[in-house]
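Hi,

Here is the structure I said I would pass on. Have a look at it first, and my notes follow below.

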Amino acid sequence: MDFPPHDICAPFDFAREEEKVLAYWRQIDAFKTSLKLSEGKPRFSFYDGPPFATGLPHYGHILAGTIKDIVTRHAHATGFHVERRFGWDTHGLPVEHEIDQKLGITSKDDVARMGIAAYNAECRAIVMRYASEWRATIERVGRWIDLDNDYKTLNTPFMESVWWVFSQLYDKGLVYRGLRVMPYSTGCTTTLSNFEAKLNEVEESDPAITVAFPLVDDPTTSLLAWTTTPWTLPSNLAICVHPDFTYIKIHDMNRGMNFILHEDLLATLYKDPKTAKFEKIGQFRGEEMKGWRYVPLFGYFTAQYSDRAFRVLVDKFVTNSDGTGIVHIAPAHGEDDHRVSIAHNVIELDEIPPYLVDDNGRFTKEAADFHGQYFKAADKAIVKAVKAKGRLIVESTVVHSNPYCWRSNTLLINRAIPSWFVSVQPYVDSLLSNNEQTRWVPPEVGKRRFSNWLANARDWNISRNRYWGTPIPLWVSQDMEEIICIGSVAELEKLSCETGITDLHRDKIDHITIPSKLGKGELRRIDEVFDCWFESGSMPYAQHHYPFENKAKFETTFPANFISEGIDQTRGWFYTLLVLSTHLFQTAPWKNLVVIGLVLAENGKKMSKKHKNYPDPMGVINKYGADALRIFLVNSPIVRGENLRFREDGVRDVVSRVLLPWLNSFRFFLGQVAVFRKATGTEFCYDSHAPLSGNVMDRWILARCQSLIKHVHEEMEAYRLYTTIPRLLDLVDELTNWYIRFNRRRLKGLEGEADTLEALNTLFEALFTLCRTMSSYTPFLTESIYQGLRAFIPASPEQDTRSIHFLSFPQVKTEYFNEIIERQVKRMQAIIELSRTIRDRHALSLKIPLRELVVFHSDHAYLADVEPLQSYLRSELNVRDITFTSDETRAGVRYRAVADWAVLGRKLRKDVMRVKNALPSVSSDAVKEYMRTGTLKVDGINLVEGDLTIQRYCEGTAKDGLRQCATHTDNDVVILLDVEVHSELQGEWLAREIINRVQKLRKKAGLKATDDIDVFYSFEEGTGTDIVDAIQQHEEIIKRTTGNVLVDAKKRMGRKDVLMEEEQEVADTKFMLSLASP
C-alpha cells in the first residue's frame, strides 16, 4: 500500500496519524529494510541494558529508549550499520521475590519442600509476562530495535558465556571465597553487593539510645555506648574506643552514678552540659582503657565467649562526631565490628560470629527474650529490656539514611556470611584509568560521581544464596580444598561424563558430579548462583555467545560506540560492565556514555502506581502522540543527568508550540503549490541544484538550515542532545514565524511566477532539510511530512526513497552560508521584537497602521544592514514611514550608567553606597564622556573602565511631528514608534480585519485556496458605515488577498446555495458574513 495522501483541510490528530505511519512501516518492513540498505557500511555498536519483563514499561524506560533510538537512528543516517538488539534480564531477585510473594514462601525450607525444579518452573513462567506490552510500547514510541532476535539471560548460550567470563576471572586469581559482613536482604533471604545496598536509601527516624556497661572491677562506673540499632545489642561481644581520644570519668549527681565517655560529647548525656549537675573525677586516653572488662548486657554468649569477649578494644574507626565516642561491637552485624573483633582475638578469622537473627530476620530461640520477633520490630522490646536492667541512660531519636533492599523494599541488615567475591579494590587505579578514556555526557557525572564511586570500590560479592539464576560453575570437594572452575558446557560434559546438557539452571545441573583428581570422592557444585548484576555486566559477550560463536563480530564491535541509562546505573550496570571489561580486556566496554536523570511525578516525588501521581504513558501517547512525548523528554534537564518533573501540560505544549506550527507550514506549502498549479498550469518540482536565490529571506532561511545541519552534526558527534533540540526547535520557529510570515505574498504568487517558484523551492528545501535533520527525534511527523513532499522530488532509481529514515543525514551546502545576511536578518528581528513589545504595552494590534518608526544606532554599518530590509519592517510592523538615523538629537537618545553592585562593592567597600546614591543623577553627557575616556568621578569617587555598564535609552519625544512616541531598546539599537492612532490609517486596518474574518471563515468551511467562492456581508440598519467604506476603499487589496470581492448581501437575490454563514465582530460592530457557491 502507498502512504495515505495528505488532506490539508482535514483535522490532524497527531496520535492517529502516527498509527498510519506505523502501519506503513510494517507494510514496507521499514526497520529491517533500513538495516539491509546499510549493510557493508562501518559498524556502530550499541549495548542495550536489559530490563525485566515482570513489570510494565514506565516513563524512565520510554526516556532511555528514546535517547537510544535518537542516537542509533542518527548513526544510521550518517553512514553506519547499526544493529539494535533488545535484551531481557530474566534471573535474580526481581523474579524470585514475586514468586515468593505469590506462593507465600518465607524460608529456604519452603523451597526445599516444593523442590528447586518446581520453584524455577514458577520463575520461568513469569519472566516474559509483560513482553507483549513491552513490544507494543516500544513500537508505539517509534523505537527501532530488534525484538525478534533478542537475547535473554536465561538462555543457555547466554549463561554459558557468563560461565566463560567467570572462568577467565577465576583463572586470573580474581575470585575468592571469604567470610565478610555483607548487606543482607531478609525479604529475599540473600546477601547483596555493597553497590546494591546503595540503590534504595531512605531517610527515616530511628531510636538513639545510650547504654551503660558497668566495669567488672568498678561496678559503680559504667562505659557509655551510643547506638541507633538496639536490635544488635543482644549480639554484643565488645566495646571499642579510639586509642588517641581523651575520655573523662564523671560523677552524675542526679543519678548517683559514674560514667565514662568522650570529653567533647557530654551533649549526648545532657541537654545543656553547662548547667548539668556532674563532677569530673578522672581522665584517660583510649589506649589506657584497652582490656578493661565490663558486665555483659545480655547473657546469651557469656559461657561461650567469657574468656575472650566483653572487654574494651581500641581502633581508629571510632569517631567523635556524635554519640559518646564509645562503640558497642557486634561482630555479626558490622564490617568494622567484625574486623576489630578478629584483630583482638574476640573471634577467629574464619569463625562465623554469634548470630541471633535467622534468614528471615527473626530472632532465633537462642535469644529467648525476643524469640520470633522481626529484628526491627524488636527494637522496642529490647529498649524496654535494657531499661528494666537499669542500663538505659538516655533514650532519643535520630533521622538518618537507611539502606533498603532494592527489590523487596525491606530494611537491609549487615550479616557475616561466607560469600564469593571478585577482587576489585587492588584494581581501582585501572578502573579509574579506563573510565578516563570514556566520553561521559554530562562530563561531571563520570569525572566526579562515578570516579568517586570507583575510588572507594570494594570487592564485589557475586554470589547469591538463591535458585533462579546462572549457577556459579564451581565444583568442590567437601573440605573445599579441591575446586574446579568450569568455563563451558563442553568442559562440564567432558569432566563429568554427562552428555546432552542443554540447560544450565540449578535444577538441571546440581545433580552432576565430577570425580576428584585428588582422591576426595565426588566434587559437587556449590549452592550459590550469580548476582544478576554479574549477568547483565556480562552482556557485551554473552549476547553474542562469545567466545563460542561470533568471535570476529564481537572483536570488531567492542568496545561499544555508545550506551545510555539512568543516573542510578552509576552504582549498577555501568559499574559491573566496567569491572568485568577491565578484568577481561583491560579497557572500558564503551566509548561514549550518556547519563540521563530520573523522571519524577509533577510534585517532585517518585512516580508511584499506588498513589497514581502520574498519567498513564500510553494514555499520554494516544492523546498527544509519541513525537510530542519524545521532544518533551529530550528537551529537558533530564538529558544533562538532572531529574525531570513530568507534566502532561508540557507534552501538550510541544504539540501547540512546535509540532502544530511545523505541520501548518507544510500544509501552507501544499496549499500554495495547488494555487501555483491552478494559476500557471505548471506542476511544482523540487530542484536541489537551483541557482542561489537573490531574495534576502530565501538566502537567510537556507543559511539557517545549513547552520542547523552543521550544529546537529557536531553536537551529535559529541552526544550532546541537550544542545541539539533547542536549535532544532529554533528552526521550526524561524521557518513558521519568520520565513513564511514574511514571504506570504511571494508564495501566494503575488510577485510573479518566477519569484513564486523560487520561494516555493526555498520553502520546500527548508521543510525537507528540517525533516531529514529531525527524523531521529520526531520519526513520525517527519515521515508523515516527507511522504507529502515525496511527490515533488524527482525519482531516484538508485536509491530507496520510500521512507525518510532510508535517507542520509543532509550534508552542509557551504555555498548557502552567508554571515552578512544572517546578521542583517538578526538585526531586523531585533527591531521587530522591540516594536512588537511597544505595541503590546499600548494594546495596539499589528493590524492597526501606525505612522512612523524611527530606528537609531550610532553605528552606520548597523543601519546599512537593516535599511535594505525596510520593506519587511514596514509590512510586518504595519508602519507607513521608517526613518534610520545615527543622530542622537533626532532620536532623543540618552545614556545612563548602571553597576553590578556586588562586584563594585568588593572594590569600593564602604564608598559603594555613595556611588549608588549619586549615580542616578549623573548626566547623560557625563556618561557619554565616560564611554570615550573610561573615567568618571561620582560623588568624589573615581571610577574607571569596567566599573560601570552603559545603557542607551530615550524618553518620549515630540520632535519632528512624533507626538505620541514610545521607545524601547535592547541596549544596542534604539527605536521610537509613533503610537498615536491616525484616522486616515484606520480604514486600512478595518480592511485587514475583514480579510482576516474571510480567511478564517473559508478555513472553517473546509475550503482550499483554489476553491472559488462568493462572499457577502450584511449589517443591521444604521451600523457598519465605516467598515463598508473600508471594504469599498480597499477593494483591490481585499480581492488580491482573499481572491474575492465582498458584496452586500442585499444583492444575493435570494440565492439558496449558502455554504456557511456566521456572525462577526470588528471594532465593536457585529455583522453577518456568508460564503456561497458562485
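**What I found**

Six strands form an open sheet with mixed pairing, in the order β10-β8-β9-β6-β5-β13. Strands here are DSSP E runs of at least two residues and helices are H or I runs of at least four, numbered from the N terminus; two strands pair if DSSP finds at least two bridges between them. The edges are taken by β10 (278–285) and β13 (392–403), and each has a single partner strand, so one side of each is left without a neighbour in the sheet. From one strand to the next, the twist averages 25° (angles run from 0 to 180 degrees between N-to-C directions, and axes are lines fitted to C-alpha atoms, for helices over the stretch in contact).

Strand β5 (residues 201–214) pairs with β13 in the antiparallel sense over 11 bridges, and S205 stands opposite V399 in β13. Helix α12 (residues 379–388) packs on this sheet and touches β5 and β13, its direction making about 160° with that of β13. Contact means heavy atoms within 4.5 Å.

Before you go further: this is a predicted model, where local features need pLDDT of at least 70 and side-chain atom pairs count only at pLDDT 80 or more, while totals for chains, interfaces and linings use all residues. Residues are numbered from 1 along each chain as its sequence is written, and side-chain values use heavy atoms, with hydrogens and water left out.

As for pLDDT (the predictor's confidence in each residue, from 0 to 100), the protein chain has a mean of 90, and 98% of its residues reach 70 or more. Confidence is highest in helix α8 (residues 156–171), at 98, and lowest in helix α32 (residues 888–891), at a mean of 72.

There is also an open sheet of four strands, ordered β4-β3-β14-β16 with antiparallel pairing. Within it, β3 (residues 175–185) and β14 (residues 413–422) pair over 10 bridges, and P183 has N414 as its bridge partner in β14.

Now for a loop residue: G323 sits between β11 (312–314) and β12 (326–329). Is G323 buried or exposed? At 3% relative accessibility, G323 is buried (under 20% relative accessible area; exposed is over 50%, partly exposed in between, with a 1.4 Å probe and protein chains only). Leaving aside neighbours within four places in sequence, G323 contacts W226, L265 and T268. G323 and W226 are 97 residues apart in sequence, yet 5.2 Å apart in space, C-alpha to C-alpha.

Cheers
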